[in-house]
Amino acid sequence: MFLIKIWGSLIAPKHQNKINYKYLQQISKFLKENILENILLLHWTWFVWHSRVRSLIKQNPWKKLENILLADYKNWRKILNNFNKIISNYFPNFKRYYPWELFKKNFEEKNIICWWDVDPLTWKIISSDDIFEFFVDKFSDKINKAIVLTDVDWVLDNKWNVINKINKNNLKLVQFWKKIWDVTWSMKAKVEKLVWKKIEILIINWYNINNLLNILQKNKWIYTKIS
């Protein structure tokens, strides 16, 4: 089983209102040719979430985010469903689940695709990070590789040295920048959750195709590992 999370900057950066369809074609073809089945695929939030939430918060500075989403839910649902449809068209052999469906006991395990959403019953925001953590916990004994596909080869410390492994002991060395246009929880908090997990998580540069193939075929790579 492969757990793969696609970083937002690859398909639709948070500060750009456009989708990289060329990348969607490339990643779809790559997975089809090199990993035939048993993939847990997550795609990140991107501008569909960030730009809209940022705008709504600016219009409603005194309201809680959950209340803002509740008031605008019909519009959210339309936007989310449309975006899901666009992405799913590139992965026809994957079954799409809503996050709250995954958290139930019974679901088909092979070739799953999922994205963040708002639970229509509790109005809780279920981020792709929540789903990633859920998969790591539920399938820790079945996952062959957990990979985060991004646009860099590795993570650097505050002196610009490569950190080959991020763990609870050296997490403080990682420089986490704050982005004023980012409305999600901090990256540091996300990584802090993962360093306590049972499996290793590899941060991989998607654009280095030979490196990615080496990971799958020879178990050798250029990387930063969260462990």
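1. Start with helix α9. On one side of α9, Asn210 and Gln217 are exposed. Asn211, Leu212 and Ile215 of α9 are buried. Looking down the axis of α9, the buried residues fall within an arc of 100 degrees, so they line one face of the helix. The cover over these buried residues includes α2, β7 and β11. This is a predicted model, and the points below should be read with that in mind.

2. How far can the prediction be trusted along the chain? The average pLDDT of the protein chain is 77, and 77% of the residues score at least 70. Among the elements, helix α1 (residues 8–11) has the lowest mean pLDDT, 62, while strand β3 (residues 95–96) has the highest, 93. Residues 180–185 have a pLDDT below 50. Beyond near neighbours in sequence, that stretch still has 17 contacts in the model.

3. Some overall counts come next. The protein chain contains nine helices and 12 strands. It has 227 residues, and 48% of them count as buried. Taking the contacts with a separation of 6 or more, 69% are between residues 24 or more positions apart. The chain exposes about 12,700 Å², of which carbon and sulfur atoms supply 51%.

4. The sheet deserves a careful look. Eight strands form an open sheet with mixed pairing, in the order β3-β4-β2-β1-β7-β11-β12-β10. β3 and β10 (165–166) stand at the edges with a single partner strand each, so one side of each has no neighbour in the sheet. As background, strands of a sheet pair through backbone hydrogen bonds, either parallel or antiparallel.

5. Both kinds of pairing can be found here. β1 and β7 run parallel and are paired over five bridges; in one of these, Lys5 has Val148 of β7 as its bridge partner. β7 is also joined to β11 by five bridges, again in the parallel sense, and Leu149 has Ile204 of β11 as its bridge partner. β11 pairs with strand β12 (residues 224–226) in the antiparallel sense over three bridges. There, the bridge partner of Ile201 is Ile226 in β12.

6. Is strand β7 buried or exposed? Six of its six residues are buried, so by the under 20% cut-off for relative accessible area the strand is mostly covered. In a regular strand the side chains alternate between the two faces of the sheet. In β7, Lys145, Ile147 and Leu149 point one way, and Ala146, Val148 and Thr150 point the other way. All of these residues are buried.

7. In soluble globular proteins, nonpolar side chains tend to be buried together. The largest nonpolar core in this model has 35 residues, and those touching the most other members are Ile4, Ile27, Leu31, Leu41, Phe91 and Leu149. Elements that each supply at least two residues of this core are β1 (2–6), α2 (21–34), β2 (39–43), α5 (73–88), β7 (145–150), β11 (201–205) and α9 (209–217). Which element gives the largest share of this core? It is α5, with six residues.

8. Another core, of 30 residues, lies apart from the largest one and includes Leu3, Ile112, Phe135 and Ile143.

9. Met1 is in the segment before β1, and at 11% relative accessibility it counts as buried. Leaving aside neighbours within four places in sequence, Met1 is in contact with Asn38, Leu40, Glu109, Phe139, Lys142, Ile143, Asn144 and Lys145. Met1 and Lys110 are 109 residues apart along the chain, yet their C-alpha atoms are separated by 8.4 Å.

10. The last point concerns Asn111. This residue is found in the loop between α6 (99–102) and β4 (112–114). The phi angle of Asn111 is near 55 degrees, a positive value in a residue other than glycine. Is Asn111 buried or exposed? Asn111 is buried, with a relative accessible area of 8%.

How values were computed: Residues are numbered from 1 along each chain as its sequence is written. This is a predicted model: local features need pLDDT of at least 70, side-chain atom pairs count only at pLDDT 80 or more; totals for chains, interfaces and linings use all residues. Side-chain values use heavy atoms; hydrogens and water are left out. A nonpolar core is a set of buried Ala, Val, Leu, Ile, Met, Phe, Trp, Tyr and Cys residues joined through side-chain atoms within 4.5 Å. Buried means under 20% relative accessible area, exposed over 50%, partly exposed in between (1.4 Å probe, protein chains only). Helices (H or I, at least four residues) and strands (E, at least two) are DSSP runs, numbered from the N terminus. The arc is that of the directions from the helix axis to the C-beta atoms. Contact means heavy atoms within 4.5 Å. pLDDT is the predictor's confidence in each residue, from 0 to 100. Accessible areas come from the Shrake-Rupley method with a 1.4 Å probe; for residues, only the protein chains shown count as cover. Two strands pair if DSSP finds at least two bridges between them.
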